[in-house]
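Here is a short briefing to read alongside the model. Have the structure open as you go through the points below.

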Amino acid sequence: MVEKRYHTQLNTAQRDGLMTAAPPPAWSVFKQVFTEHWDGFTRVHPRYQTRYYAGLVEQMLGCGNPDTMGYIEYRCLQCGEGTHRVAMSCKSSLCLRCAKVYVDNWVSQVSTMLHEGVIYRHIVLTMPAMLRQTFYQHAKDVLSPFIRCGVRCLDDVWSRLSGQALKGGYIVVIQTHGRNGQYNPHLHIIGTSGGWDAQGKQWRHLDYVPYRLLRKKWPWHLLTMLRQTVKTKEIIRLVDACYTRYREGFVTHVQKGDVPARYQSLARYLAKYVVSPPISLRRIDHYDGQRVTYHYRSHTSERVEWATVAVYTFIGRMVQHVFPKGFQRIRYYGVQATKTFATLKGLIQEALAKIKGIVKGAIKIIAPLTYRQRYQQSTGRDPLRCPYCQAEMGVWKIWHPKYGVIYDELEAMKRGKYASQEPRAAPTGSAGRTVWPAAGGISLSLPGL
């Protein structure tokens, strides 16, 4: 069976005389599913009948619509002909279009939070299927302790291996979905291979991570946390059943060796695992009004498989992964903690300078991409280059549905507050004139330039 794929290249279309980006077919299908069935879904599942979820859906449905979300309009200030309008993003955790930008920004952020000269490993801590329903029902109570107990487990393993109390560094991301979109909470951890010995004031490197020890330690930390957090008789019975059934421990995964080789792009290597949405647009294959078909690569068979589910099931598999408002999905612990990162960075570098040959090279710092750069990568065309005279277009107008017109270039020119000394063309395309700033003129820092 041939795997179906949608083209992700953005096609330009005309809208009110402005060039805009036409969404891929799957994005229209995704929005159509929620438009037609969200109200019915919330009646069947009143848990999601709240202002919080309704707001996320409303934002997602309006994403890409400049009349709904607001926009930044660009115009060629040389010939006055070229125009380009960019809709503001919705930033909804349900939006699959904004997920790509979120991943890019996360990669940029994490790449600046890695200690040079330290080996990092990708560690995955999972749980058995019999615990997933409990986590779903008590998500507000157990998700944060779940993250913390994963960190305690790794510090416990590191300290036992070295014989000294070590504080490792961990960037922890909680993910609640598997490849098929079903609820499956687990932890993805970018962990240091070793830790900081505060007593000896030195960095202790660990050449390997014993899989059996980690697999044995992890259930004890996880089940102890559950017993202390959800204090019910049912949980006690469930914990006892886990100890009986999983005598060899829970499944864990530790990437072998440097991650990846030379660890130049560790953050980008892990981004697809740790901050990806429950499903990507290119995996949606068909929708007939009542059922949705999508594909995924199975962990067990390592082959592409298809799933056809009812629309309410599909919506449920999307919204069940939305975290409570204010919940921090990505957290930093140990020598990666933001409060102590700068202080410990100098100490770690000084300690590593005394140990030669462990790690060579430098971690690549990945800068965040602007809208202009992302657009160029997708289409091969510069969206802010005038198609008529090839000059660079400038910000002409910024409008927000709540705050109205935030900036208007034409009005600024009329008030004499435009701080440019170059000849500018009028909107009609006639010859422009030099506009000098009036006294007390202000300069604006605008996005996208």
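Asp 382 is buried, because its relative accessibility is 15% and the cut-off for buried is under 20%. In this predicted model, the side chain of Asp 382 meets that of Arg 372 in a salt bridge, at 2.7 Å from N to O. Arg 372 counts as buried too, with a relative accessibility of 14%. The briefing starts with this charged group and then turns to the nonpolar cores and the helices.

**Salt bridges**

- A search of the whole structure turns up 7 salt bridges.
- Glu 392 lies in the loop between α12 and β15, so its pairing with Arg 372 in helix α12 ties together parts that are 20 residues apart in sequence.
- With 43% relative accessibility, Glu 392 counts as partly exposed.
- Asp 382 has a salt bridge with Arg 385 as well, where the closest N and O atoms are 3.9 Å apart.
- Arg 385 is partly exposed, at 31% relative accessibility.
- Taken together, Arg 372, Asp 382, Arg 385 and Glu 392 are linked in a network of salt bridges.

**Nonpolar cores**

- The largest nonpolar core holds 77 residues, and the ones with the most contacts inside it are Phe 30, Phe 34, Phe 135, Phe 146, Leu 222 and Phe 314.
- Helix α6 (residues 139-162) supplies the largest share of this core, with 11 residues.
- Another core, of 15 residues, lies apart from it; among its members are Leu 114, Trp 196, Trp 203 and Tyr 332.
- Which residues does Phe 135 touch, not counting residues up to four places away in sequence? They are Met 127, Val 142, Leu 143, Phe 146, Tyr 183, Pro 185, Leu 222, Met 225 and Leu 226.

**Pro 145 in helix α6**

- Pro 145 lies in helix α6.
- Pro 145 is buried, with a relative accessible area of 12%.
- Leaving aside neighbours within four places in sequence, Pro 145 is in contact with Met 225 and Thr 229.
- Pro 145 and Leu 226 are 81 residues apart in sequence, yet their C-alpha atoms are 8.6 Å apart in space.

**Helices α7 and α8**

- The axes of helix α7 (residues 211-229) and helix α8 (residues 233-245) come within 9 Å of each other and cross at roughly 170 degrees.
- How do α7 and α8 run, roughly parallel or roughly antiparallel? Angles over 145 degrees count as roughly antiparallel, and α7 and α8 are therefore roughly antiparallel to each other.
- On the α7 side, the contact involves Pro 219, Trp 220, Leu 223, Thr 224, Leu 226 and Arg 227.
- On the α8 side, the residues they meet are Ile 235, Val 239, Asp 240, Cys 242 and Tyr 243.
- By type, the residues of this contact between α7 and α8 divide into 8 nonpolar, 1 polar and 2 charged.

Definitions and conventions: Residues numbered from 1 in each chain as written. Predicted model: local features only at pLDDT ≥ 70, side-chain atom pairs only at ≥ 80, totals over all residues. Heavy atoms only, no water. Core = buried A, V, L, I, M, F, W, Y, C linked by side-chain atoms within 4.5 Å. Buried < 20%, exposed > 50% of the residue type's maximum accessible area, 1.4 Å probe, protein only. Helix = DSSP H or I, 4+ residues; strand = E, 2+ residues; numbered from the N terminus. Contact = heavy atoms within 4.5 Å. Axes fitted to C-alpha atoms, helices over the stretch in contact; angles between N-to-C directions. Parallel < 35°, antiparallel > 145°, perpendicular 65-115°, else oblique. Nonpolar A, V, L, I, M, F, W, Y, C, P; charged D, E, K, R; others polar. Salt bridge = Lys/Arg side-chain N within 4 Å of Asp/Glu carboxyl O.
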